[in-house]
Every structure is written in structure tokens, then in C-alpha cells.
Amino acid sequence: KVHLSHDLKTININTKQQIIECGWISEGNDEKWAEFKSLILTLPIPQILTLKGNLVKHIDQSDFSNLKQVQYSSRYALGMFFNGRIPKYLWTAKYFKHPVIRYICWDNLKYGNALSNGALLIHTSVPFGIEHLEDEMETVIDLILLAINEILPGIPTPSHTKLIRWKYSQVYKPYPGTPGCVVLHKNPLVVATGDAFTHSNLEGCIEAAYHTSKTMKQFL
């Protein structure tokens, strides 16, 4: 059964019963618990290390030290949505050397839908994301819109916007040795994996999944 919009909060290792007890908060703020015989974690490393429960106490000290070395870039992603057609540009997606904006993409054009209402996707630069990581969202939106008007003068005012704070963006310092995954506990089995253990792109995610499947077969 798949649970969407659930925020994992707690992981307890029950060595006597050899089970993993997980607690999460649902979208309606209801606390729920479930038991598992094995667990694969793909969330960012800092979030794993701040989970409640006793999981961290069971992590080998060497593995814990390596996990602490993983570092991520931070940035914002802004969606701008327009009522009606937008001016024609000679490009669909483009990278920029700008202190605020790193990447802009006309998302409707990217998916071949030139006749639909305009939808603009913007990624900020990493330095901007780090500098303004704790700012109010409305303040960040205003700064990004100012930068967009510098880059695309005359762009229409969007009907609405959606800002996402991407605190853990691409991995720029992966787990030492890039093993693909790491076993945090053997019995019951808890495996941490994802691009933090390879490299931060699609191929890295596939490579991590491959190593995880091999590891799971060894223990199950």
C-alpha cells in the first residue's frame, strides 16, 4: 500500500522482535505507526540523522561519521503561471550566469504545448539559495521576480506563483567512496540509499537502486 503526503518522524529498531517501528504524520496531521521487517531510506542524509527514535544510536560510528560528511546545495524553485499566451522567445530552456537565477524553462513548451497558458519554471543559483534559505517566502518571491524582470524585460505579470524551498538540492559532496547504499542496521535490515551515495543525476539514482537491490538480496 502506498501512502502519499506522509512526513516520516520516528524510526525505532526493535531488536528483540526484529522489526522496525515507524511513525509518521499524515496530511491531516494524524500520527500513524506501522511495523516493517526491512526498510529502505532515500531521504536526504541530514533528515535521516534528525529522525526521532533510536535508529541513529544503532548506526556504526564509522558510517555515522561518513554520513555527516555528505553535503547538499540549496536553492529555490519558482513556478510562474500565466493566463493566456506569453511572448515568443527563441529558446525553451536556458542556463544563466546571474547572481539570482541559474535556470529558466518554459514548461509548457518543454512538453510541446505551445497553445496552452504559459508556465515558467525558475531555479535560483546556489549562492542565492544559501543566503536566503531562512527568509520569508514572500520576500524570496519578490527578489526572484525582480531578477526575472531584469532577464526577461516585458514579461507579463503572472496570475499566480508557487515557490518551493529546495533545502537539499543536488548532492555536491557524496558519501565517501560512493558505495551506492549503506546498511545502517542488519537485523532488522535498514538501508540508506539515493544519489547521496553515488552522484546527483538520473544515472546516479539508477546506480544507487542497482546497488540497493544487490544488498537487499544478500540479507533477505
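Two strands are said to pair if DSSP finds at least two bridges between them. Strands (E, at least two residues) and helices (H or I, at least four residues) are DSSP runs, numbered from the N terminus.

The model is predicted: local features need pLDDT of at least 70, side-chain atom pairs count only at pLDDT 80 or more, and totals for chains, interfaces and linings use all residues. Residues are numbered from 1 along each chain as its sequence is written, and side-chain values use heavy atoms, with hydrogens and water left out.

**Exercise 1.** Determine how β4 is paired, and which helix lies across its sheet.

*Solution.* Step one: β4 belongs to an open sheet of three strands, ordered β4-β14-β13, whose pairing is mixed. β4 and β13 (181-185) are the edge strands, each pairing on one side only. Step two: four bridges join β4 to β14 (residues 189-193) in the parallel sense, and Ile-40 has Val-191 of β14 as its bridge partner. Step three: helix α7 (residues 202-219) lies across β4, β13 and β14, and runs at about 165° to β14. For such angles, axes are lines fitted to C-alpha atoms, for helices over the stretch in contact (heavy atoms within 4.5 Å), and angles run from 0 to 180 degrees between N-to-C directions.

**Exercise 2.** State the volume of the largest pocket and identify the strands that line it.

*Solution.* Step one: on a 1 Å grid over the protein atoms alone, where a 1.4 Å probe fits, a pocket is an open set with protein on both sides within 12 Å along at least five of seven lines; lining residues have an atom within 4 Å of a point. Step two: the volume, the space filled by probe spheres set on the points, is about 270 Å³. Step three: β1 (7-14), β2 (19-25), β3 (31-36) and β4 (38-41) each supply at least two lining residues. The lining includes Cys-22 and Phe-36.
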